[in-house]
Amino acid sequence: MERETWVSRDGFILAAIGSAVGLGNIWRFPWLTADNGGSAFLVAYLVAIFVVGIPGLMVSFVIGRRSKRNPVGAFRTLAGGTHWNILGGLCLVTSLVLLSFYTVVGGWVVRYVLESITGGYFHDPASHFSAIAFGMPAFFFQLVFLFITGAIVTVGVQRGIESTTRLLTPAIVVFLGGLAIWTWIRAPASPGYDFYLGFDGTYFTQNYLSVIGAASGQALFSLSIGSGTMITYASYLGEDRSLLADGSIIAIVNLGIGLLAGLVVFPLLFTVVGEPTGGGPGALFVSLAGAFGTLPGGRIIGVAFYLTVFFAALSSAISILEMPVAYFVDEHGLSRPTATAVLTALLVVTGGVNAFNESLFDFVAGPLVSQLLTLGLLGFMLYAAWVLGDESTAEFKAGAGPLSDLVATPWRLIVGTLLPLFLLLSILSTLASMV
């Protein structure tokens, strides 16, 4: 069976940006920012994107394009049957863990798009979210979101994923940009801007362990690195692409979209609700929903906002599902529709467990995912630097210009020494903050 490739460079970039944007930027980023000191978290997150995110993205690209396989096949092919194959299995597990809670949140978003039209959550957003967040209502809409995701992945890389993200990714940028401008016009002096943009050094020095751990985990989550998703996407790339150029574009646009999301969420929350968060993972569905219920034209703005979140959730979910689908297609010879159907059936069960269990959902969506992604990227970096070695440097340079030639060797040294130490510190700091 001939393996698919991307039709064009911009198709790959838009798909990768769509994968990176997702719920990580619009749902998880404001939640973690609010829980970790606002601007203190933002500064740590900016540093993590450039120090860890972009070099880590290059690692995933190098492994993916070098192997032309999914993560399981990549480590099996490149490592030749060694213990490094465990990393491929870790990627498979991580992707399924991600989707087990991601589809639940995607179901919330689908419901809120519809209820923004009817005003169903306007009267009492907190009670409404409590009633529908978990249990049978959540399970039903999780199924809706999961089946939409599966239908797109079934069609294929070119006609399904690439075609869909060509539409969704620009729509996310346009909608978020318009909402950020609308928010500033309505509340130009909102204290939300100070909370979000004015650096709080005191909070950072008093809570640096938890802030660094959360920021690093968010950087990995938002860029889809550490799970194997970007390894899979890069496996469809040709040798004529500059990995450094494409990766930098993806990371910077992803960062910009995250910043835009904050410029929408926090001014609204402070102006209308008077606080940065409305309850952890449910912040966007309680406090922000309440804001839409009190603002003139709130139904229209609510539809626009939750539709943007839906686009982001869908573009990311299809990239996560593509990883295990590619595994079954590449390694076991299943057809794409069969592989997608098998995985969808599995996710009906695992997603359903999270849809009915709030405490499990909070653990999976928070510390478990952050630790799995960090551990995965730690393994990717050590493997690329010390096992692939010169091959990784050559792959980094392939299809690129003089700048890639100049930075390839320093990049390999950094991802083989300094960044693994940083990621190890991130793991330990997160564990310490949980004790």
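Q: What does Ser 404 touch, not counting residues up to four places away in sequence?
A: Ser 404 touches Ser 242, Leu 244, Phe 396 and Lys 397. Contact here means heavy atoms within 4.5 Å.

Q: What kind of model is this, and how is it numbered?
A: This is a predicted model, where local features need pLDDT of at least 70, side-chain atom pairs count only at pLDDT 80 or more, and totals for chains, interfaces and linings use all residues. Residues are numbered from 1 along each chain as its sequence is written, and side-chain values use heavy atoms, with hydrogens and water left out.

Q: Back to Ser 404. Which helix is it in?
A: Ser 404 lies in helix α18. Helices are DSSP runs (H or I, at least four residues), numbered from the N terminus, and strands are E runs of at least two.

Q: Is Ser 404 buried or exposed?
A: Ser 404 counts as buried, because its relative accessibility is 3%. The cut-offs are under 20% relative accessible area for buried, over 50% for exposed, and partly exposed in between (1.4 Å probe, protein chains only).

Q: And Met 58, where is that found?
A: Met 58 is in helix α2. At 1% relative accessibility, Met 58 is buried.

Q: Which residues does Met 58 touch, not counting residues up to four places away in sequence?
A: Met 58 touches Leu 243, Leu 244, Gly 247, Phe 396 and Trp 411.

Q: How far is Met 58 from Arg 412, C-alpha to C-alpha?
A: Their C-alpha atoms are separated by 9.9 Å. Along the chain, Met 58 and Arg 412 are 354 residues apart.

Q: Salt bridges next. How many does the structure hold?
A: It holds 10. Each is a side-chain nitrogen of Lys or Arg within 4 Å of a carboxyl oxygen of Asp or Glu.

Q: What does Arg 412 pair with?
A: Arg 412 forms a salt bridge with Asp 390, and the closest N and O atoms are 2.8 Å apart. That pair links distant parts of the chain: Asp 390 is in helix α17, Arg 412 is in helix α18 (residues 402–416), and they are 22 residues apart.

Q: Are those two buried or exposed?
A: Asp 390 is exposed, at 60% relative accessible area. Arg 412 is partly exposed, at 21%.

Q: What about Glu 239?
A: Glu 239 forms a salt bridge with Arg 65, with the closest N and O atoms 3.7 Å apart. Glu 239 sits in the loop between α11 (229–234) and α12 (243–273), while Arg 65 is in helix α2 (residues 39–67), 174 residues apart. Glu 239 is partly exposed at 39% relative accessibility. Arg 65 is buried at 0%.

Q: And Arg 66, what does its side chain meet?
A: The side chain of Arg 66 meets Glu 391 in a salt bridge, 3.3 Å from N to O. Glu 391 is in helix α17 (residues 390–397) and Arg 66 in helix α2, so the pair ties together parts 325 residues apart in sequence. Both are partly exposed: Glu 391 at 36% relative accessibility, Arg 66 at 31%.

Q: Which residues form the salt-bridge network?
A: Arg 65, Arg 66, Glu 239, Glu 391 and Glu 395 are linked in one.

Q: New topic: helix packing. At what angle do α6 and α14 cross?
A: Helix α6 (residues 136–155) and helix α14 (residues 298–332) cross at roughly 60°, with axes coming within 9 Å. That makes α6 oblique to α14. Axes are lines fitted to C-alpha atoms, for helices over the stretch in contact, and angles run from 0 to 180 degrees between N-to-C directions. Under 35 degrees counts as roughly parallel, over 145 as roughly antiparallel, 65 to 115 as roughly perpendicular, and the rest as oblique.

Q: Which α6 residues meet α14?
A: Phe 145, Ile 148, Thr 149, Gly 150, Ile 152 and Val 153 do. On the α14 side, the residues include Phe 310, Leu 314, Ile 318 and Glu 322. By class, the contact has 11 nonpolar, two polar and one charged residues. Ala, Val, Leu, Ile, Met, Phe, Trp, Tyr, Cys and Pro count as nonpolar, Asp, Glu, Lys and Arg as charged, and the others, Gly among them, as polar.

Q: And α4 with α5, how far apart are the axes?
A: The axes are 12 Å apart, and the helices pack at about 135°. Therefore α4 and α5 are oblique to each other.
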